[in-house]
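Biologist: I would like to learn how to read the pockets, the cavity and the ligand site of a model. Could we go through them one at a time?

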Amino acid sequence: DPILVAIDGPAGSGKSSVSRAAAEQMDFGILDTGAAYRALAWACRETAVDPDSEPAVLALLDEWIYTISLRGEQRVQVTLPGGTEAHDVSAVIRTPEISAQVSRISKHPDVRVRLNNMFREIVAASGLPGVVIEGRDITTVVAPDAPVRILMTASPEVRATRRAGELVGESHEQVLADIMARDAKDAAVVNFLTPAPGVTLIDTSDMNFGQSIQAVIDTVDE
Ligand code: C5P
């Protein structure tokens, strides 16, 4: 099985972009687990499944086909139940509309169990020497035995500034409010605000992109 580097953290901590760049430098694959939760929220919307109903979401999970590429461009594709077309959802799952809906499905315990098993299967089947896997509960639930475990954080102010730079037309205040609301919902389900025992804390508040990547690589090299 591939060597695992587990990275957790809240939105805007730099987790996604830093994980991707660090993986590339190490010639590892990268698995963004949030993409699956986002794609599932999108699939609920497309098929009029109530995201608050765990049985309905589990039934959708039985029949959808989800694929994500672990190298190069992070392409995310979903084939809906009974469908034949693989929809490329890479862009649509990043919209604020989807971001605001994801916690409605990520709160379901059995949905999490199913997705976690899917993540372990994707990694095992990757055929890669190493995979960086990032999310909220990777260091604690998905891969608690990973040889490298990192919690990446940054102050809410810094995180909102970074996200506002990515989202055209959204004010800093709106982005900060959205981030705080999402953190509050997510943190009620999994703890990603404080490091579990044995997990290395990397606070990127005062780091630039390059320094953040280096901090990850230094942790892997230790
Ligand atoms: O990391 P990202 O912001 O893309 O995650 C989107 C949402 O997916 C989070 O707000 C959270 O509700 C959910 N998520 C999760 N567990 C993970 C990854 C993401 O609950 N491991």
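Biologist: What volume does the second largest pocket have?

Modeller: The second largest pocket has a volume of about 150 Å³. A pocket is found on a 1 Å grid over the protein atoms alone, as an open set of points with protein on both sides within 12 Å along at least five of seven lines. Grid points are joined across faces, edges and corners, and the volume is the space filled by probe spheres set on them. Please keep in mind that this is a predicted model, in which local features need pLDDT of at least 70 and side-chain atom pairs count only at pLDDT 80 or more, while totals for chains, interfaces and linings use all residues. Residues are numbered from 1 along each chain as its sequence is written, and side-chain values use heavy atoms, with hydrogens and water left out.

Biologist: Which residues line the second largest pocket, and how do they divide by class?

Modeller: A lining residue has an atom within 4 Å of a grid point. Here the lining consists of D1, P2, L4, F119, R120, V123, A124, I133, V142 and A143, with helix α6 (residues 109-124) giving the most, four residues. Ala, Val, Leu, Ile, Met, Phe, Trp, Tyr, Cys and Pro count as nonpolar, Asp, Glu, Lys and Arg as charged, and the others, Gly among them, as polar; on that basis this lining has eight nonpolar, no polar and two charged residues.

Biologist: Where does the ligand sit?

Modeller: A molecule is assigned to a pocket if more than half of its atoms lie within 2 Å of the grid points of that pocket, and the ligand sits in the largest pocket. About 1100 Å³ of space lies there, and the lining has 48 residues, with A11, G12, R38, R163 and R182 nearest the centre. Helices (H or I, at least four residues) and strands (E, at least two) are DSSP runs, numbered from the N terminus; the largest share of this lining, seven residues, comes from α9.

Biologist: How many residues surround the ligand, and which polar side chains approach it?

Modeller: The shell holds 13 residues, the closest being R38, R112, R136, R182 and D186, and by class it has two nonpolar, four polar and seven charged residues. A polar contact is a pair of N or O atoms within 3.5 Å. An oxygen atom of the ligand is 2.7 Å from a side-chain N or O atom of R182, a polar side-chain atom of S106 lies 2.8 Å from a ligand oxygen, and one of T33 lies 3.1 Å from a ligand nitrogen. The protein covers 98% of the 450 Å² of accessible area (Shrake-Rupley method, 1.4 Å probe) that the ligand has on its own.

Biologist: What lines the largest cavity?

Modeller: A cavity is a set of points where a 1.4 Å probe fits but cannot get out. The structure holds one cavity of 30 Å³ or more, and the volume of the largest is about 40 Å³. Its lining includes D8, R136, T139 and F192.

Terms used
A residue is near a molecule or strand if one of its heavy atoms lies within 4 Å of it. A polar contact is a pair of N or O atoms within 3.5 Å; within protein, one must be able to donate a hydrogen and the other to accept it, and residues adjacent in sequence count only if both atoms are side-chain atoms. Accessible areas come from the Shrake-Rupley method with a 1.4 Å probe; for residues, only the protein chains shown count as cover.
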